[in-house]
There are 2 protein chains.
Amino acid sequence: MIEETSKENIEVRIQMASEAYQFLKNTTIKERAALMNAVADQIEALGEELLVTAHAETSLPLARLTGEKARTIGQWRSYAKAVASGIYIEPRIDLAQPEKQKGDLRKYHIGLGPVVVFGASNFPFAFSTAGGDTASAIGAGCPVIVKAHPAHPKTSQMMADAITNAVKEFGWPEGIFSHITGTSYEIGTYLTQHKDIQAVAFTGSFSGGKALFDIANRRENPIPVFAEMGSTNPVFALKNLIENKAETLAKEYISSLTLGVGQFCTNPGVFITVKGASLDRFIAAVKNEIQEVAPANMLHNGIYESFEKHKANAITQPDTEVIASEETEEGKGSPAIIKTNAQNFLNNPVLSEEVFGPFGIIVACESREELIQIAQNLKGQLTITVAATSDDVRENPELINLLKDKCGRLLFNGMPTGVEVVYAMQHGGPFPSTTDARFTSVGPDAVKRFVRPISFQNWPDEFLPEELKNENPLQISRIVDGEVNSGSLKLESV
Amino acid sequence: MIEETSKENIEVRIQMASEAYQFLKNTTIKERAALMNAVADQIEALGEELLVTAHAETSLPLARLTGEKARTIGQWRSYAKAVASGIYIEPRIDLAQPEKQKGDLRKYHIGLGPVVVFGASNFPFAFSTAGGDTASAIGAGCPVIVKAHPAHPKTSQMMADAITNAVKEFGWPEGIFSHITGTSYEIGTYLTQHKDIQAVAFTGSFSGGKALFDIANRRENPIPVFAEMGSTNPVFALKNLIENKAETLAKEYISSLTLGVGQFCTNPGVFITVKGASLDRFIAAVKNEIQEVAPANMLHNGIYESFEKHKANAITQPDTEVIASEETEEGKGSPAIIKTNAQNFLNNPVLSEEVFGPFGIIVACESREELIQIAQNLKGQLTITVAATSDDVRENPELINLLKDKCGRLLFNGMPTGVEVVYAMQHGGPFPSTTDARFTSVGPDAVKRFVRPISFQNWPDEFLPEELKNENPLQISRIVDGEVNSGSLKLESV
């Protein structure tokens, strides 16, 4: 039974967050990075108990949870390092000069203000209470109010305590982090509408993310919503590659499609290629591979029921053919694959919808022109994979160029599941995969979502933030008069 | 008489822009910078005729237009230099390593797609057809469709021709730049709703900007709108400063308030201080200074009529006192200043509305607490000025900290009019001064509005954009495995 945080308590926490923001605004990037490292230490100290608790609540295997815990700690530490480097405050100094009208101008980025984070169910550590959204918002200088995902309440509470302990250890205002629990939609609406909330981060369904986006834009003062709403992550298999490697490709595809019972945002739900003997070989191999997959428990019953419902709906669409459909066991995600033709795929929107779980559609095109037609009509995706040889790429420049408009991450072979937490990762993509293709929710660049620039004109050095002082006490790289400069500024009498 | 571009022609231009985007996406930062420099040359070549034409259409003095032309050319050149440096594509490379799951990841930023720019009336060069929005969008790799401001059609056409000539000279697709004319609101709505348009930039009224923002967010695929909608740019005059310099401050204030007949987005329309002898001296000086101001023609009759209407409305609000109100002459913006108390200012929203033109409100507070109360209740502003001594700053930490939440540029003395085109400039601020406080519309950072990241996973070097190739042929600074790196990458057999 999940306790619903009362409106009164939510109000108190928002007020505390607003006060904490006034404090955080005056912390330096190095100080915030130190707090983030302390949170990482606290999570590490949760030890085995965290894994056991999460395993009981989510059915996720211990090995997977061990990896996700390491990833989550790594997120706090690597984002801390990036924050400390000054990369996200983008310090710029334009010194006073005789020919300039305005004198001395110095700009950097501050946090937007209190941020609401909605925990996700499919990553109880990495995208939940102490996940990447919380880490990046705190790194930006924003207090965070987490609306915990009700599917793993004990895990969330352990993570919340870890963050709170770190904040206490620093003697910083408690309002830097708040943890709200409940199952009603009203809490999310209330938080998103609240005048003191300045941004929202969400990972989940299209309907959930889009509803928050609409609420935020209808406020008297609209605020950004970073909603990652999933996608079908199409794989375009081109002629030479599928001809050379139909069987290997089938193995890779089924392995990725059924990984973690298909419960990844980057699950490759659509496979598109031109029909012919190579596709027939691919399909034969798919039928073999899928028999090797043992159905496993899904994250919670809601996801299982939704999977069964959407799978059944997709399978019964006209002009589709079932390639493989494993027998259903209560609570377990049994994989299924169907096949259709390009025109049916283009004309029936149901077939383009994400089915969250191990479900795939193979689209058999008549020609390369139909591949391009599908690319043109594709909605925004987190990832698109081009299964191709170099010759295939050379022969399909128009297709490849088009696909760049439709995704945040474009793969040359391999499969999209597995998201590396590095600078060069883009986890985000054009609408409707996210509400804002300009940002990523994975990798240190996730911090950029929660900052805005402020420019100081002609302020005496003593009143400037450390990041912008002449001496450059934090020894960061800054753009001074248009050039990169990591030194201190020797100015004559200011 | 302004010709209305037909729907059919608009459709043709949008189609051309979409095709041009496919081309622009594959140009390098250096190539786009070269085009921008060519546009600057073309504008320069328009010579005196441009100034004479704009003077006839806008009533702006030739000296001011000469400066604005130089600024506009400078924008194209300085944004070109910034684009060529690679700063806005943010190249990040994470090389394949044994311990990584995903292999080689490389990310940079590409243009969002076709952008609609609405020209403004008050800067016929710098914020209009060939202004900063157009320059920054093209630098980002986005084709631009300008909806010309109807107040200076010949000036706009000359600028449009300059851009078109540069595009032709390069042999690049004509669709990179389009010029739409007309006076109906429907054109703007149509463009903003069009599925192929990916972003909108606007400078003008709150009602205009907010309408576009709402239209864009209600699209099936929402797009960003960067609307700069103006503000009242409050001046907070603190105790010691006004005591020491009441007369100088009055001179500076009136000079800024009436500069260019008050037709600047950064016009300081509100002056806030604690009542007393210093304020009385300030007001006496204001009355003197304002008599020195000769009323001059406003930009066009619509602005003049709107100014008179809003001025009359503000002056007739209860509990206000007219400090100075120059006699009105048809077409000319005659300055006026009124005075009110803090509680009246806080309770009557009319007094917080921007009156576009030389109009100011002096708010006399009872105490420092009322200064803070006003700061807390202030809507988002482009600029806030703190007229203060260093002691004043030391004595008012809470006020100064609060003001950072309410503006994009915070001044220590001086006046906000005059916007320097440099990296450290922030021309933007919290809603409702703009629709997106996270971006600036002045300075090279304006380019950031029109890009989004894309990540390439495991692509062979030959298919990567120049910006991400191993060799680093453009010799730009990149983040490689988390560290800044300006060299080429020597990789063993890829």
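**Notes on the predicted model**

1. Of chain A's 494 residues, 64% count as buried (buried means under 20% relative accessible area, exposed over 50%, partly exposed in between, with a 1.4 Å probe and protein chains only). This is a predicted model, where local features need pLDDT of at least 70 and side-chain atom pairs count only at pLDDT 80 or more, while totals for chains, interfaces and linings use all residues. Residues are numbered from 1 along each chain as its sequence is written, chains are lettered from A and ligands numbered from 1 in the order in which they are written, and side-chain values use heavy atoms, with hydrogens and water left out.

2. Chain A has 15 helices and 19 strands (DSSP runs numbered from the N terminus: helices are H or I of at least four residues, strands E of at least two). Its radius of gyration is 25 Å, close to the 23 Å from the globule rule for 494 residues, so chain A is as compact as a globular protein of that length (the radius is taken over C-alpha atoms; the rule is 2.2 Å times the number of residues to the power 0.38). The C-alpha trace of chain A spans about 80 × 60 × 40 Å along its principal axes.

3. Now the sheet. An open, mixed sheet of 12 strands runs from β11(A) through β16(A) and β15(B) to β17(B) (strands pair if DSSP finds at least two bridges between them). Its edge strands, β11 (320–325) of chain A and β17 (483–485) of chain B, each pair on one side only. At the chain B end, β16 (residues 478–480) is antiparallel to β17(B), with 3 bridges; B:Arg478 has B:Asn485 as its bridge partner there.

4. Which strand of chain B is largely enclosed by the rest of the structure? Look at β9 (residues 270–274) of chain B: 4 of its 5 residues are buried, so the strand is largely enclosed. β9(B) pairs in the parallel sense with β8 (residues 235–237) of chain B over 2 bridges, and with β12 (residues 359–365) of chain B over 5 bridges.

5. Finally, B:Thr192 sits in helix α7 (residues 185–193) of chain B. At 0% relative accessibility, B:Thr192 counts as buried. Beyond its neighbours within four places in sequence, its contacts include B:Phe118, B:Leu212 and B:Arg219 (contact means heavy atoms within 4.5 Å).
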